[in-house]
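Open the model in your viewer and keep the sequence panel beside it. Each stop below gives a selection and what to look for there.

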Amino acid sequence: MGSIRAAIDRAAYMISSRMKQRKEEGHAKKTDRISVLPDRVIYHILLLLPTIDVFKMISLFKNWRRVWASFPLVLDFHHKFAYGTERHNQLKLIKFVEYVFLILMPRKHIARLSTFRLNLDYFDDDACIHTWLSFVAESNVEELDLAVSYYRLPQTILHARSLRVLKLAMLRLEVKFGSIMLPSLKTLSMNMVMLDDKTIYKLISSCPALEDLDINWCCGLSNLQVSNPNLKSLQVQHRCPLPIQIEAMNLESFAYKGNYDQCKIRFVACQALRSLSLSETVFAEQWLRDQISRLPQLKNLKARSWGIPEKLYH
Amino acid sequence: MKFCAVKQYFDDENNNNITSGASTTMIPLPNVESHPLAILITYCKKHLKIKANNADNKKETEKEMEQYEQELLKKVMPQELTELILAANYLNFKEALDFFCRAVASAIQNKSIEFVRKFFGLESDFELGEEEKLREEFAWSFEGVDED
């Protein structure tokens, strides 16, 4: 398999490096390093740079532009705004908006958009973000990362067939009517999102491929029901006692972190659970024994009650 | 073996039934200068040593590696980074390649175009008119950059 090919590769390298040597000897100037970098290395570096620097690089070097134009597109926008109405900040804001549109508008980019990240402290123009997200929804985006305070997420995103990873922070989500359809979603992470019980239940149940779920400090929940047949790993962190029912027959790992308050978790059907972690929460020993008796596959247990519960509960 | 290209060489030799009785074998690496190779070998040895020392503790390994990498960066000239990347790429040494790419990315982040040109030792290869047009198009990215 490899030996003849490897030998040819080595020979090719030897020849091209000899040729390069001769070319360099002919020129007295400094080494042309940048054009020697192979495409996948250029792509690797582009992925490590913030979007702003990506555009700087591709406006400088032709082959970097070529690589950028042929590999899956990753767009990463973040901007920190100062609160207030200072003229300077307003100008910055306007420029930022123009910049994002400039990059999103060309349709040819949209076709190969693979990752879109938007991280804004505070942005009061919801319509603007709706427009950006409508472009994103048209693409084959695989990863979407949104952190915009108080922004109300439109339902178009919840029908993105290609989406594999969805990370939401600080925004608002409400699905009263209509459906959610995320057939490829494997990872869902929600940090400080405002949503109610019905919405989260619908969301979790509409992701048949979901494997990893993180629900951290979300507000608006009074009774969390997690029901998903393929879910493998679940993490919940919450600021007040939250009743949680978990019905996930393939769930392997569950971690819960409370706020030094009562633990109200019920495992309805979690026969595959191997790893359980309960921290900064209060529970009775009997309760823990009852739970463990219903988890035959349990191997790793990290659970220590933070204090003694005031009254026994089941 | 971390240097995958070298490993492949050994595998190929075994396949061809060449008896390598001698403990030292000459492996041709025509695309790697001696200086970057020396640095890569030191990096590799250090990496394996740290990994062995902290067999169970992954976090400790990462922390120690980070410390070593920080020190290494101080000794390496920025211009050498591209050569190191090329060497690591040719040898198929994934961890080193990742590290040096990260080093390059953080070196050129938020810097002016003159700095980036100097760093890579190359004038922009767009024609004059094209470059102006591109600069206008991406003017936003050229503002608010760090001092060189």
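**Stop 1: a three-stranded sheet**

Select β7, β9 and β11 of chain A: they form an open sheet of three strands in the order β7-β9-β11, with parallel pairing. β7 (224–227) and β11 (264–269) of chain A are the edge strands; each has a single partner strand, so one side of each is left without a neighbour in the sheet. From one strand to the next, the twist averages 10°. That angle is taken between axes, which are lines fitted to C-alpha atoms, and runs from 0 to 180 degrees between N-to-C directions.

This is a predicted model, in which local features need pLDDT of at least 70 and side-chain atom pairs count only at pLDDT 80 or more, while totals for chains, interfaces and linings use all residues. Residues are numbered from 1 along each chain as its sequence is written, chains are lettered from A and ligands numbered from 1 in the order in which they are written, and side-chain values use heavy atoms, with hydrogens and water left out.

Helices (H or I, at least four residues) and strands (E, at least two) are DSSP runs, numbered from the N terminus. Two strands pair if DSSP finds at least two bridges between them.

Now pick β9 (residues 243–247) of chain A. Five bridges link β9 to β11(A) in the parallel sense. Click A:Ile246 and look across to β11(A): A:Phe267 stands opposite. Strands of a sheet pair through backbone hydrogen bonds, either parallel or antiparallel.

**Stop 2: the core**

Which residues have the most contacts inside the largest nonpolar core? Select A:Phe116, A:Trp132, A:Met190, A:Ile215, A:Ile246, A:Phe254 and A:Ile265. The core has 124 residues. A nonpolar core is a set of buried Ala, Val, Leu, Ile, Met, Phe, Trp, Tyr and Cys residues joined through side-chain atoms within 4.5 Å. Buried means under 20% relative accessible area, exposed over 50%, and partly exposed in between (1.4 Å probe, protein chains only). Helix α5 (residues 94–108) of chain B gives this core its largest share, nine residues.

Centre on A:Ile265. Leaving aside neighbours within four places in sequence, A:Ile265 is in contact (heavy atoms within 4.5 Å) with residues including A:Ile244, A:Ile246, A:Phe254 and A:Trp287.

**Stop 3**

Select β4 (residues 165–169) and β5 (residues 187–191) of chain A. These strands run parallel and are joined by five bridges. A:Leu168 has A:Met190 in β5(A) as bridge partner.

Then show helix α8 (residues 197–205) of chain A. β5(A), α8 and β6(A) make a right-handed β-α-β unit. Right-handed means that, with the strands pointing away from the viewer, the path from the first strand over the helix to the second runs clockwise.

**Stop 4: chain B**

Switch to chain B, which has seven helices and zero strands. Of its 148 residues, 40% count as buried.

Select helix α4 (residues 78–90) of chain B. Its buried residues include B:Leu81, B:Leu84, B:Ile85 and B:Tyr90. Just after α4(B), B:Asn92 takes a positive phi of about 60°.

Next, show the rings of B:Tyr43, B:Tyr68, B:Phe93, B:Phe99 and B:Phe100, which ring pairs link into a cluster. Rings of Phe, Tyr and Trp (its six-membered ring) pair if their centres lie within 6.5 Å; planes under 30 degrees apart count as stacked, over 60 as edge-to-face and the rest as tilted. Over all chains, the structure holds 12 aromatic pairs. B:Phe99 and B:Phe100 have ring centres 4.9 Å apart and planes at 45°, so the pair is tilted. Both B:Phe99 and B:Phe100 are buried.

**Stop 5**

- A:Asn119 lies in strand β2 (residues 113–120) of chain A. At 37% relative accessibility, A:Asn119 counts as partly exposed. Its contacts beyond four places in sequence are A:Phe77, A:His78, A:His79 and A:Ala147.
- A:Tyr150 lies in the loop between β3 (143–148) and β4 of chain A. Although not a glycine, A:Tyr150 has a positive phi of about 65°.
- A:Glu280 lies in strand β12 (residues 275–282) of chain A. A:Glu280 is not a glycine either, yet has a positive phi of about 50°.
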